[in-house]
Amino acid sequence: MKISDHRVRVTKMLIRRAFTDLLRQKPIQSISIKELCTAAGINRGTFYAHYTDIYDLRNKLEEEMMTDFQEALRPLLEISEKDLTPLKITTGIFQCLKENADVCTITLGPYGDREFAARLISLGREKYVESYKRFFRDATAKQLEYYYAFVSAGCIGLLERWLAEGLASSAEEMADMAEKIMMHGIGFLQTDMA
């Protein structure tokens, strides 16, 4: 049983790698199963044993990442109210994104699935808005929603830059930087980044 599970994991990893490499080069509708199988070093029967078509592959990869993202947030949701900070949430999110860098790269790339990126952003919205209510007690719900829209777009920009640099910084460093920018705006440039 273990050998079979290992083979399935390796096969799916080869397919995922080939798929993400191809998506960096062209839109999904231009990728053929034959081309994907050649790039992955598998035959078509092996591909069809796991996926019905190229869109099913994309959907399953995205669902896996969404599950990973929710799992990354789960421990954060179990932290007591007084110990939960925006930085802890942001660090968990950046760590999950780092672990799924290949999917993030293609999602945010020119041929990416922007709808999926929007789903990822909305997943963290509720927890962030709740968290910021505690820090900014006088803020209205509308202000917090606008703030989240603004910072989530900024975080996407940070993520794109981080991916372009090959994830050279740790998830903790990126979360700290994002948090400082969110909390201090341009004043972030005057704070000690060490």
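## Contacts and overall make-up

Among contacts in the protein (heavy atoms within 4.5 Å) with a separation of 6 or more, 61% come from residues 24 or more positions apart. The model is predicted, so local features need pLDDT of at least 70 and side-chain atom pairs count only at pLDDT 80 or more, while totals for chains, interfaces and linings use all residues. Residues are numbered from 1 along each chain as its sequence is written, and side-chain values use heavy atoms, with hydrogens and water left out.

The secondary structure comes to 9 helices and 0 strands; these elements are DSSP runs numbered from the N terminus, with H or I of at least four residues for helices and E of at least two for strands. Of the 194 residues, 38% count as buried, where buried means under 20% relative accessible area, exposed over 50% and partly exposed in between (1.4 Å probe, protein chains only).

## H8 against H9

Let's turn to the helix pairs. Helix H8 (residues 141–164) packs with helix H9 (residues 171–184) at an angle of about 145°, and their axes are 11 Å apart. Here axes are lines fitted to C-alpha atoms, for helices over the stretch in contact, and angles run from 0 to 180 degrees between N-to-C directions. The crossing of H8 past H9 is right-handed; that is, the near helix is turned clockwise from the far one by less than a right angle, with anticlockwise giving left-handed.

On the H8 side the contact uses Tyr-147, Val-151, Cys-155, Leu-158 and Trp-162, and on the H9 side Ala-171, Met-174, Met-177, Ala-178, Ile-181, Met-182 and Met-183. By class this contact has 12 nonpolar, no polar and no charged residues. Ala, Val, Leu, Ile, Met, Phe, Trp, Tyr, Cys and Pro count as nonpolar, Asp, Glu, Lys and Arg as charged, and the others, Gly among them, as polar.

The loop between H8 and H9 holds Leu-167. Its phi is near 55°, a positive value in a residue other than glycine, and Leu-167 is buried at a relative accessible area of 16%.

## H6 and its neighbours

H6 is mostly covered, with 6 of its 8 residues buried: Ala-101, Val-103, Cys-104, Ile-106, Thr-107 and Leu-108. H6 and H8 cross at roughly 115°, their axes coming within 10 Å, and this crossing is left-handed. Ala-101, Cys-104, Thr-105 and Leu-108 of H6 meet Ile-156, Leu-159, Glu-160 and Leu-163 of H8, a set of 6 nonpolar, 1 polar and 1 charged.

Arg-16, in helix H1 (residues 2–23), is buried with a relative accessible area of 16%. Beyond its neighbours within four places in sequence, Arg-16 is in contact with Leu-61, Glu-64, Asn-100, Asp-102 and Val-103.

## The cavity

The structure holds 1 cavity of 30 Å³ or more, and the largest cavity has about 310 Å³ of space. On a 1 Å grid over the protein atoms alone, a cavity is a set of points where a 1.4 Å probe fits but cannot get out, and lining residues have an atom within 4 Å of a point. Grid points are joined across faces, edges and corners, and the volume is the space filled by probe spheres set on the points.

Of the 21 lining residues, Ile-93, Leu-97, Ile-121, Cys-155 and Ile-156 are the closest to the centre of the largest cavity. Helices H4 (54–78), H5 (86–99), H6 (101–108), H7 (114–135) and H8 each supply at least two lining residues, and H8 gives the most, with 6. The lining has 17 nonpolar, 4 polar and no charged residues.

Methods:
1 Å grid on protein atoms, 1.4 Å probe; cavity = no way out; pocket = protein on both sides within 12 Å on 5 of 7 lines; lining within 4 Å.
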